[in-house]
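Good morning, and thank you for joining this group meeting.

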Amino acid sequence: MHRGVDAPRTPAVGGSAAAEQAPAKPPDTGAHLQQRFDALIADDERIEPRDWMPTGYRKTLIRQIAQHAHSEIIGMQPEGNWITRAPSLRRKAILIAKVQDEAGHGLYLYSAAETLGVDREDLLDLLHEGKQKYSSIFNYPTLSWADMGAIGWLVDGAAIMNQVPLCRCSYGPYGRAMVRVCKEESFHQRQGFDILHTLSHGTPAQQAMAQDAVDRFWWPSLMMFGPPDERSAHTAQSTAWGIKRLGNDELRQRFVDICVPQARALDITLPDPDLRWNENRGHYDFGAVDWAELTRVIKGDGPCNEQRIQRRRSAHEEGAWVREAADAYARKHHNSSAAEALA
Amino acid sequence: MSASTTAVPAGDLVRTAFAGYLLGLADDSLILAQRLGEWVTRAPQIEEDIALANIALDLLGQARTLLACAGKVEGLGRDEDDLAFLRDEREFRNVQLVEIPNGDFAVTMARQLIFSGYQYELYRALLTSTDPMLAGLAAKAVKEVAYHRDHAVQWVRRLGDGTDESHTRMQTGLDHTWPYVEELFERAPGVAALPRIAADPASLRPAWDSFIGTVIAEATLTIPQPTWRARGGRAGYHTEYLGHLLPEMQYLHRAHPGASW
């Protein structure tokens, strides 16, 4: 959003090209900087990379964007698991394109994080060392082809519900990345629905496969919105900073309300005996989420935590010689072209 | 008995040869797409997950067009999925190069350099095919393959002229894949029956040699002199590796006969 001339950006320290590119360090933490930041947030304006921002705001964003990027990258694994086994060539092509999109989302998000002064390499190290997290949903295994449908419909559906409000996030690069990510996620969600629709209208074995996948992914999908607001460590501050626009519980309720009629269209039963329309609330009531399970899986005790990180680590370690070669080649050829230019 | 000794009408001979030719091209792309799909989530960096997936996707698209067309020419009512999922190992017509395991990134890039270099010349030649489907496919595919080839060239240069380790690995990758080169340029029996429709593989060799020679030299590598060579893929004679790739690719489709996906 364009900002008036009366509220100029805080200039980066010095005027060199390097300083132009590097995210600014606050020249001081004076009250006027904080005031300007607060005013921007209050006016629903965007904070940009070279603007001054409180350390906590920067840290929160780095944590959240990195976690989001890691989720995209780790999230490639459960679906990548079915690329070589997709049951038709058309489905194989769609699945490859989808997993490729996820890698692309990871790259946008790492780039958005880099505008805050961190490196992708460092963030990946933190992921590999277990010091930064990713969405807990990807710690569940994909046991049948129908899981591709359930992930698209429910997991991508929940992700969209979380991410659409992030398009209005106060931090510009993150919000803008989310606009594109959400457009692609919406395709992903529809393709998931389409897979399940085909299966639930197919042979009895296919119908059973679809129901089983939804049975396994329904509750973990509800957990994707995070713990109830009163137990969420970050919600209040993130809301005040305009990073988070809606609470976990509200998003979860919206998701349930949208899924119920879609499940009916799919002819699939959602595995919750307490699910029923509440006329007074104008929403569906639903059963208690097992928060102990979420805590357990986040802490590492999920079916695939070890496997997911191990795959990332081994890809990274086995690829080290390739990245080193690319760096060595670039140095060699940069030096020789510089020498030619000087000759 | 007499029917089997009767000369097949010329039209049917051409049709059989053409269906076989199309299957050969289709299977090359399909099997390599399958191999490249194995890389996804295992690549040295995220950009390469994207690049390898993208090449797989292009090849899969080519395979689908070619398989559908082969099915029509064959006239037995088989669609792209019947041909991809319901044929056995001995019915596949791909060259052996595309079925060998991925190995490390250098083996994969050596294979891609060889194959994309070949496919680039192939599709360029097919631009003037008198078959409108083949000419149309070639017009689209040649642009895709130009990128695949460029991607492989850049990596072979970086790895060949990168570090000592990458140089050694890249040379080993070339040594490992070179026995599969000759087969690409071998004249398959049916091609003679398809003048102006098919491209004679042998005619693609000089341009490929010249291109490869330049890249290998720039990459400070040496063209291998293998002591053996692969043969027989176009006639359904494969490596043992294909017999492991196909069950993985086909199992789900075969487990649910007649189901739609």
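This is a predicted model: local features need pLDDT of at least 70, side-chain atom pairs count only at pLDDT 80 or more; totals for chains, interfaces and linings use all residues.

Gly80(A) lies in helix α4 of chain A; helices here are DSSP runs of H or I with at least four residues, strands are runs of E with at least two, and both are numbered from the N terminus. At 16% relative accessibility, Gly80(A) counts as buried. That word means under 20% relative accessible area, while exposed means over 50% and partly exposed is in between, with a 1.4 Å probe and protein chains only. Between Gly80(A) and Arg281(A) there are 41 Å in space, C-alpha to C-alpha, and the two are 201 residues apart in sequence.

Residues are numbered from 1 along each chain as its sequence is written, chains are lettered from A and ligands numbered from 1 in the order in which they are written, and side-chain values use heavy atoms, with hydrogens and water left out.

Let me turn to chain A as a whole. Chain A has 14 helices and two strands. Its radius of gyration, taken over C-alpha atoms, is 23 Å, close to the 20 Å that the globule rule (2.2 Å times the number of residues to the power 0.38) gives for 343 residues, so chain A is as compact as a globular protein of that length. Along the principal axes, the C-alpha atoms of chain A fill a box of roughly 75 × 55 × 35 Å. Of the 343 residues of chain A, 54% count as buried. Contact means heavy atoms within 4.5 Å; among contacts in chain A between residues at least 6 apart in sequence, 77% join residues at least 24 apart.

Next, the interface. How many residues does each chain bring to the contact? Chain A gives 44 residues and chain B gives 47 residues. The area buried between the two chains is about 4,000 Å², and carbon and sulfur atoms give 68% of that area; buried area is the accessible area (1.4 Å probe) that two parts lose on being put together, summed over both. In chain A, the residues that lose the most area to chain B are Thr84(A), Leu89(A) and Trp321(A), together 20% of what that side buries.

Two salt bridges are found across this interface, each being a side-chain nitrogen of Lys or Arg within 4 Å of a carboxyl oxygen of Asp or Glu. Arg120(A) forms a salt bridge with Glu47(B), and their closest N and O atoms are 2.4 Å apart.

Finally, some individual residues of chain B. Thr41(B) is found in the loop between α2 (10-37) and α3 (46-74). Phi of Thr41(B) is near 80 degrees, a positive value in a residue other than glycine, and Thr41(B) is buried, with a relative accessible area of 6%. Thr220(B), in the loop between α9 (205-218) and α10 (242-255), has a positive phi of about 60 degrees although it is not a glycine. Is Thr220(B) buried or partly exposed? At 40% relative accessibility, Thr220(B) counts as partly exposed.

Glu144(B) has its place in helix α6 (residues 132-160) of chain B, and at 13% relative accessibility Glu144(B) counts as buried. Not counting residues up to four places away in sequence, Glu144(B) touches Asp58(B) and Gln62(B).
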